[in-house]
Amino acid sequence: MTRTIRVEHLARVEGHGGITVTLDGERVESVHFDVIEGARLLERLVRSRRYDEIAPIVSRICAICSAAHSLTSLQATEAALGIEVSPTTRLLRDLMLRGENIESHALHIFLLAAPDYLDYPSAIAMAGRHRDAVALGLRLKRLGNMIQEVLGGRAIHPVNAVVGGFGHPPSTEELVALEDALESGVSDALTATEFVASLPTADFCDTETTFAALETPERYGYADGKHITVRRSGTAQRIPIADYRSLTNERVVPHSHAKHSLYDEQPFMVGALARLAVNGGGLTEAARSVMRTLELQLPSRNPMDNNKAQTVELILDIELALGIVRRLLSTDLHDTAPAPIVPRAGTGTAVTEAPRGLLVHSYTYDADGRIARADVITPTAMNAASLEHHFQDAVTRGAALDDAALRKRLEMIARAYDPCISCSVHLIRRRFEGRRP
Amino acid sequence: MQATKPTVGIFGLTGCAGDQLVILNCEDELLSLVDVVDIRDFLMAASGGDEFSTLDIAFVEGAVMTRRDEEKLQRIRRRAKALVAIGTCALQGGVPAMADGLDWPSAVRDVYGPEGDGFDALPARALHECVEVDFSLPGCPIEKHEFLGAVADLLNGNPPQLPTYAVCTECKMRECDCLLVDQGRFCHGPLTRAGCRARCPSYAVPCVGCRGPVPDPNLGSAMDVYTSKGWSPEEVVQRLRTFGPLPTPVPAGEAA
Ligand code: SF4
Ligand code: SF4
Ligand code: SF4
């Protein structure tokens, strides 16, 4: 007897997606992660636009990752036009990405994922009995937004980061205020750890997982890496970022007509858990102790651990951001002003770590400094195949459960990936006609 | 549950979720907001929204870019006493509406290959092209203070108020150097609705027009300024279209 489990419209994620699984008895016939967003075609629409217009347009691919989209875009443009930015600009950008990561993780852990563990439909409902936890999450989220506002001029779709540098560097008063806020953030992040450690265990998968992240071992960075590392069963392969296509080699899969990212025929996972697998050597002592408190073992065989990995990154990012702010307070920030730009033809590729994982922007410019070709590959598009792999594992293990219980597990796994469906510009999916329920 | 609280729904069509995120970014106000309104449907933040109850206020983000979006919008319209478009995509199509006369099906094919042919993918339309819209909050994304102000106004039975002057006015009040007149850079300020405190020029970055046009844009005189600074008319039109159609005066009497 076949049965179909469907999540029509996944709640508490960014964007519009659904899940469809069919079982024949206890055998899983198919798993689909369906994306039901319209196609906004921003990489097509930027063609013929000049270098200064690109970042503000492509940041609109996704709000939660808008700083990452914006900075990755700027770096790809700078690489194509041969522009070098100052070390201070790089430091400010690093801080901006950490601010985004703090905001995004706090939002995800407390407002989107935690209600599942405690059986509430939302953080708003959860606030009835867990008001302190929700308030804590909102405080951490605000800290991340404060960093983004100071650096980017706006928490969503930053305006201040431009090709070659920053419109206006932060003032000393702003940096001092950030220092204060980050200092209180350290203790908030430790309280967050206790909260996450207190959540019930969620253990629906047990399968070998391949991880991919930007390699920045020395300082757990989110930009400026030269290689992507792919890790599986103790082996590691390195891909130069210009060869990103060999990683995101998208192919059509027969059951869905969709593009899947596979590496060496294997799905791979990107995001916080992958970064820990690749760059775990760069953790601070406090982050290591958070890992021990959360009993997070690496390499993980359970995608639900991504929620714990995000909690580790919360403390890490707050500590590293604090270090950057203190450095900036004794730095002259004037070399962040962009130098005049001389257009030229060229191609540039940039890879960063957005909150949800690897993000690629690759552009070709013509001699007038206008876009001839733009390619954007987002973490959620890369994660789709891995997500389905984990759906399959969870359903196989839980085939005896009733529909409601299975549906809940599938939703929790999907949320652990923290999908950003607006971002998945390359991942629009049609159901296989013959299988339409 | 107090039955007396006004009911609110927050919805997203095709967009980037930025306007919904602005609502979630009201970290200091969120918990007191839910004390005074009953949020019935907010899929980005809550599962199990109810699909049928009447809503006193529906906030809708994003453009209509699929048949599914259109059906969803019509269902929201039937439930809502007041429908508020939030964000430039909902007001005028937003960034996906920048390309004038682009053959959408072939553009879809261009990005997604032959598989793109079967997608439920339409060119962007603003909400008012599909249903009646009662109020609009511009911005890409919306401004927190305008959202919170609009909620307060609507709860008190007043229409939300928006500035009717241009970003240039705010810019001059902040005494920023003019990027257009002094430096010849392309700034959308003269044609763009104020309300962001001239955010971009205050960072010495030109306005890109994310809040959409002022109610009475003077395209002709702006064109003269841009061309006098060396921008070709084609380039001016392309840039002014970044967030949707070219600025045209709003017919008198239309909401905000
Ligand atoms: S108006 Fe801007 S912020 Fe709102 S959905 Fe559209 S792109 Fe996103
Ligand atoms: S910088 Fe832009 S917004 Fe400011 S006055 Fe000049 S044109 Fe207007
Ligand atoms: S200055 Fe222009 S682009 Fe910047 S926020 Fe205001 S309206 Fe938007």
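Q: What makes the radius of gyration of chain B agree with that of a compact globule?
A: This is a predicted model. With 256 residues, a compact globule would have a radius of gyration near 18 Å. Chain B has 19 Å, so the two agree. The C-alpha trace of chain B spans about 60 × 50 × 35 Å along its principal axes.

Q: How do you know what share of chain B is buried?
A: A residue is buried if 20 or more other C-beta atoms lie within 10 Å of its own. Buried residues make up 50% of the 256 residues in chain B.

Q: Which residues touch the most other members of the largest nonpolar core?
A: A:Ala212 and A:Leu358 are among them, as are B:Ala58 and B:Val60. This core has 215 residues. Its largest share, 13 residues, comes from helix H4 (residues 87-117) of chain A. Domain 1 (7-155) and domain 2 (167-240) of chain B each give at least three residues. In soluble globular proteins, nonpolar side chains tend to be buried together.

Q: Where does ligand 1 lie, and how many residues surround it?
A: Ligand 1 lies between chains A and B. It is surrounded by 15 residues, and B:Cys89 and B:Cys140 are among the closest. Helix H1 (18-24) and helix H4 (88-92) of chain B each supply at least two shell residues.

Notes
Residues numbered from 1 in each chain as written. Chains lettered and ligands numbered in written order. Predicted model: local features only at pLDDT ≥ 70, side-chain atom pairs only at ≥ 80, totals over all residues. Core = buried A, V, L, I, M, F, W, Y, C linked by C-beta atoms within 7 Å. Buried ≥ 20, exposed ≤ 12 C-beta atoms within 10 Å, placed from the backbone. Helix = DSSP H or I, 4+ residues; strand = E, 2+ residues; numbered from the N terminus. Domains from an automatic or database assignment. Rg over C-alpha atoms; globule rule 2.2 N^0.38 Å. Near = placed C-beta within 6 Å.
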